[in-house]
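Here is a briefing on one protein model. Look through the sequence and structure, then read the points below.

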Amino acid sequence: MKVYRISFLIVFISSFFAQAQKFDLFEIENNELIWRYTYEYERAADSLRSEITTMIKSKAFTRNVTRNNIGDGGVGYYGEIQHYLIDCEHYGRKYQNTPLIYWSGEWSGKFVIEVRDNRYQVTIYGLYFENKPIKTHSPHQAKNPRKGYYIKEVWQKGSPTFKKNVTDDMVLMSLSLRDAFDIKNYVSPVRLLQD
């Protein structure tokens, strides 16, 4: 009976910490910040795959994309994100209330897209930002370039939760990524001919 209680306590505590390391579409897995979203889309995998291929090729920020087969007849795409920019104004953010990493940062990272019938899932990891130096008239006020991994901005290693003062900004990043990989925001010539 004592072993049962200890086992239950360990499972309860570990599930609490696992759940606490999630916010919006972000979560921590093996000390890595992961963003993941599944898009529902009424198309067979073959049709969906061709539209996703066209969408990926049209993006200025996707690089080194490779295609692999995954289990259950699905297809996966792996690639890199480079020079990704967030349109803060589009999401109603102002320069005064938005950190510079979002406003003027260039982002990089890696992505995986898994395609199945009627849905595809995008997973992004390794997000890294770099801000350009800001020029001012006074050398004492000049801001140096800032760069680093996004995980260090939003989560302190060993902490059960994300930093509270950054959650609004994480929502901004999440919305931007969700829209960037949403096939419904991209009208392919194939879809125009079908509609």
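Rings of Phe, Tyr and Trp (its six-membered ring) pair if their centres lie within 6.5 Å; planes under 30 degrees apart count as stacked, over 60 as edge-to-face and the rest as tilted. By that rule, the whole structure holds 13 aromatic pairs. This is a predicted model, in which local features need pLDDT of at least 70, side-chain atom pairs count only at pLDDT 80 or more, and totals for chains, interfaces and linings use all residues. Residues are numbered from 1 along each chain as its sequence is written, and side-chain values use heavy atoms, with hydrogens and water left out.

**Confidence**
- The average pLDDT (the predictor's confidence in each residue, from 0 to 100) is 83 for the protein, and 77% of the residues score at least 70.
- Residues 3–20 have pLDDT below 50, and this stretch has four contacts in the model beyond near neighbours in sequence. Contact means heavy atoms within 4.5 Å.
- Where pLDDT is low, the predicted coordinates should not be read in detail.

**Overall architecture**
- The protein has six helices and eight strands. Helices (H or I, at least four residues) and strands (E, at least two) are DSSP runs, numbered from the N terminus.
- Along the sequence the pattern is α-β-β-β-α-β-β-α-β-β-β-α-α-α.
- Of the contacts between residues at least 6 apart in sequence, 60% join residues at least 24 apart.
- Buried residues account for 36% of the 195 residues. Buried means under 20% relative accessible area, exposed over 50%, partly exposed in between (1.4 Å probe, protein chains only).
- The accessible surface is about 12300 Å², with 52% belonging to carbon and sulfur atoms. Areas come from the Shrake-Rupley method with a 1.4 Å probe; for residues, only the protein chains shown count as cover.

**Tyrosine pairs**
- Tyr37 and Tyr39 pair edge-to-face, at 4.6 Å centre to centre and 85° between the planes.
- Tyr37 is partly exposed at 27% relative accessible area, whereas Tyr39 is buried at 5%.
- Tyr39 also stacks with Tyr120, at 4.6 Å centre to centre and 10° between the planes.
- Tyr120 is buried, at 1% relative accessible area.

**Core and ring cluster**
- Phe26, Tyr102, Trp107, Phe129 and Tyr150 are linked by ring pairs into a cluster.
- The largest nonpolar core has 41 residues, and Trp107, Ile113, Tyr150 and Phe181 have the most contacts inside it. Such a core is a set of buried Ala, Val, Leu, Ile, Met, Phe, Trp, Tyr and Cys residues joined through side-chain atoms within 4.5 Å.
- Beyond its neighbours within four places in sequence, Tyr150 contacts residues including Leu33, Ile101, Leu127, Asp169, Met170 and Met173.
- In soluble globular proteins, nonpolar side chains tend to be buried together.

**Helix H2**
- H2 (residues 45–58) has 14 residues and reaches 20 Å from its first C-alpha to its last, close to the 20 Å expected at 1.5 Å a residue. The expected span is 1.5 Å times one less than the number of residues.
- Its buried residues include Leu48, Arg49, Glu51 and Ile52.

**Positive phi**
- Asn30 has a positive phi of about 50° although it is not a glycine. Asn30 sits in the loop between S2 and S3 and is exposed at 79% relative accessible area.
- Asn64 has a positive phi of about 50° too. Asn64 lies in strand S4 (residues 62–69) and is exposed at 54%.
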